[in-house]
Amino acid sequence: MNSRRILSLARRVILQVLHDRRTLVLIVVGPLIILNLLAILFRTAPAAIPLGVVNEDLGITSPVGGTINLGQRIADELAAGDTFTLVALDREAVDSSLRDDSVQAVIVFPEDFTTHFLQDRQAVLEVRLEGSDPTRSQAISAQVTQAAMRSLASLAGTAMGASPITQAGEGTLPVTLHATYLFGGQEFDAMDYVAPVYIAFLGMFFVFLLACVAFLRERSQGTMERLAATPATRTDIVLGYMIGLGLFALIQVAAILFYTVWVLKIHYLGSLGLLFLVIALLAVAGVTMGILASAFARTEFQVIQFIPLVIFPQALLGGLFWPVSDLPAYLQPFAYLMPLYYANRAMRDVMLKGWGLAEIWPNLAILVGFIAALIVLSALMMRREVA
Amino acid sequence: MTSDDVVQTNELHKRFGPIHAVDGVTLSVRRGEIYGLLGPNGSGKTTLIRLLLGLLRPTSGSIRLLGEDMPNKAILGQVGYMTQTSALYEELSVRENVAFFAEMCGRKDRVWMDEVIELVELQDRSRSPVRTLSGGLRQRTSLACTLAHRPRLLLLDEPTVGVDPQLRATFWSYFRRLADSGVTLIVSSHVMDEAERCDRLGFMRQGKLLAEGTAAEIRRQKGAGTLEEAFLQFAAAGLEGDSR
């Protein structure tokens with residue numbers, strides 16, 4: 001140990017970083033951007049959940065308390081909080097509304113809902129859930145049950161409700177929730193819900209870095225200069241990279257899919273071939289993003305700095321942790337700029353809803369569009385070094 | 001220009017901000033000629049070569065290579081370019097590197113590739129990854145890559161840097177054989193004994209082509225005994241010109 005040498009080394013390291021302005025800025029600004037994003041995301045109150053209500057309850061009219069419609073009371077209670085926005089529906093429209101995402105769940109009050117309650121001292125709530133997000137399903141079930149409990153409790157004040165509520169046996173709730181699922185079901189756990197997104201994210205992340213470094217080395221070792229002095233055009237080079245690295249992306253995608261499906265035993269519906277296609281497209285987009293990003297980096301160290309700038313926002317905004325519909329309105333356009341968002345949607349539609357090419361093709365078409373745009377941009381960015 | 005002119009530039013200028021890297025170079029190189037581009041470091045040799053290849057856009061002036069106006073991507077298939085540092089794919093073997101650059105120019109000829117690899121005396125190492133080679137061996141691989149597609153015009157940027165004297169002699173006798181077979185070579189260098197082997201020389205300083213001619217002509221012009229003295233005198237004269 002020699003303290004002078006250590007200090008000289010430290011000084012040299014400091015000088016190197018100081019000479020690399022971009023690194024300096026990123027070290028300070030990068031974490032702030034991410035923290036800021038996280039603060040926004042965690043502080044955003046989840047948007048109100050659209051809840052469908054089919055109220056066919058005829059209620060009951062008694063000489064003492066007037067007309068009582070229990071279904072209406074529960075619906076009013078649900079509407080009172082910020083948790084739900086209610087959408088009145090017909091019975092026939094339940095599944096189609098769930099399918100097109102206009103509601104997340106539907107509560108159905110049959111004609112004899114109030115009558116039944118008075119007879120059995122039990123309110124049986126029929127809830128139909130969209131079901132692809134188990135966490136959300138649970139939250140909706142819990143909220144609906146609580147709202148029903150509160151409205152039944154308020155009945156206690158009326159002559160009508162007094163006896164049944166107070167006489168209800170200890171430990172037995174006067175509310176039972178009978179849930180059915182459009183997609184998924186109780187056997188789908190949280191991992192099943194996030195798996196499609198993770199698969200897509202990982203498929204993109206590694207090839208992005210690989211492409212970034214490979215392309216950067218082409219420049220740093222001088223072979224790009226040599227390549228530029230051959231008849232090879234910029235587009236030739238980008239496409240060549242895309243196919244070459246794309247092959248490894250496909251191998252990786254196959255390995256990821258195999259592992260999640262057969263080893264981690266993720267529940268999935270839909271076709272495996274279609275899943276492969278979606279991730280493969282995203283991986284190819286990752287390669288082209290890497291080539292484009294490498295144009296902005298001079299060293300491999302700077303490539304690492306792209307992780308916070310390119311990868312994290314995709315992870316945070318692309319629907320990996322927060323549903324895009326819950327993002328603040330001014331952040332949502334960013335999500336639409338990210339290939340990951342479209343891949344996520346397609347993956348979830350296939351894995352959780354069992355949809356086919358006929359339903360998910362718009363997302364795939366957008367991914368292909370992204371790839372084409374990235375190829376053009378990468379080729380244009382190379383202009384600086386390849387005349 | 002005559003039909004024999006393989007390289008032809010007219011009043012070529014290249015500015016990088018305030019720096020005038022190439023300053024009004026008019027040059028013509030005939031078919032089968034070895035043209036030596038001499039000059040100190042930073043005199044604009046590399047910039048000139050990169051301009052010729054179309055790797056840089058000239059600020060003004062025109063360039064014709066092999067009868068075609070530059071930039072022209074297609075014509076580059078007949079041009080061989082050896083960069084100053086041996087730009088090679090580290091993971092690939094010598095042979096794979098040579099094959100790749102041949103394919104990029106649209107010509108892959110196994111017999112010729114063997115011949116090129118033998119020329120640079122790398123037949124024993126042709127399967128070795130470039131990563132494992134010493135500096136001199138890399139330089140040889142780099143030359144092999146430059147020749148892989150049988151170019152008609154060679155632009156060699158200091159090809160003999162890091163090459164031992166014996167191999168340097170081999171390189172030069174090969175350059176001469178190529179020239180005799182009709183290939184045109186532009187070779188940049190700052191080694192004077194190499195200059196003697198060129199058919200014609202151009203002396204560059206601060207982006208200007210200060211003097212041109214055969215080695216004998218250049219010596220005679222300044223009444224100098226050696227090329228080195230002649231160039232020192234040209235350089236000094238150039239300096240006076242600058243200060244005026």
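Helices here are DSSP runs of H or I with at least four residues, numbered from the N terminus. With that in hand, let's explore this predicted model through a few exercises.

**Exercise 1. A helix and what follows it**

Task: Find out whether the length of helix 14 of chain A agrees or disagrees with 1.5 Å a residue, and say what phi A:Gly354 takes just after this helix.

Solution. Start with the residues: helix 14 of chain A covers 339-353, which is 15 residues. The expected span is 1.5 Å times one less than the number of residues, so this helix should span 21 Å. Just past the helix, A:Gly354 has a positive phi of about 70°. While you are here, note that helix 14 of chain A is mostly covered, with 14 of its 15 residues buried.

**Exercise 2. Two helices that cross in chain A**

Task: Describe how helix 3 and helix 6 of chain A cross, and which residues make the contact.

Solution. First, locate the pair: helix 3 spans residues 70-80 and helix 6 spans residues 134-155. Their axes come within 9 Å and cross at roughly 120°. Angles of 65 to 115 degrees count as roughly perpendicular and those over 145 as roughly antiparallel, so the two helices are oblique to each other. The crossing is right-handed. Helix 3 brings A:Arg73, A:Ile74, A:Glu77 and A:Leu78 to the contact, and helix 6 brings A:Val144, A:Ala147, A:Ala148, A:Arg150 and A:Ser151. By class, these residues divide into 5 nonpolar, 1 polar and 3 charged.

**Exercise 3. Buried or exposed?**

Task: Decide whether A:Arg12 is buried or exposed, and do likewise for A:Asp112.

Solution. A residue is buried with 20 or more C-beta neighbours within 10 Å, exposed with 12 or fewer, and partly exposed in between. A:Arg12, in helix 1 (residues 3-19) of chain A, has 10 such neighbours, so it counts as exposed. A:Asp112 lies in the loop between strand 5 (105-109) and helix 5 (113-120) of chain A; with 15 neighbours, A:Asp112 counts as partly exposed.

**Exercise 4. Over to chain B**

Task: Say how many residues of helix 4 of chain B are buried, and what covers them.

Solution. Helix 4 of chain B runs over residues 135-147 and reaches 19 Å from its first C-alpha to its last, close to the expected 18 Å. Of its 13 residues, 11 are buried, including B:Leu137, B:Arg138 and B:Cys145. The cover includes strand 6 (79-82), helix 2 (94-104), helix 3 (110-119), strand 7 (153-157) and helix 5 (165-180) of chain B.

Methods. Residues numbered from 1 in each chain as written. Chains lettered and ligands numbered in written order. Predicted model: local features only at pLDDT ≥ 70, side-chain atom pairs only at ≥ 80, totals over all residues. Axes fitted to C-alpha atoms, helices over the stretch in contact; angles between N-to-C directions. Parallel < 35°, antiparallel > 145°, perpendicular 65-115°, else oblique. Left-handed = near helix turned anticlockwise from the far one by under 90°. Contact = placed C-beta atoms within 7 Å. Nonpolar A, V, L, I, M, F, W, Y, C, P; charged D, E, K, R; others polar.
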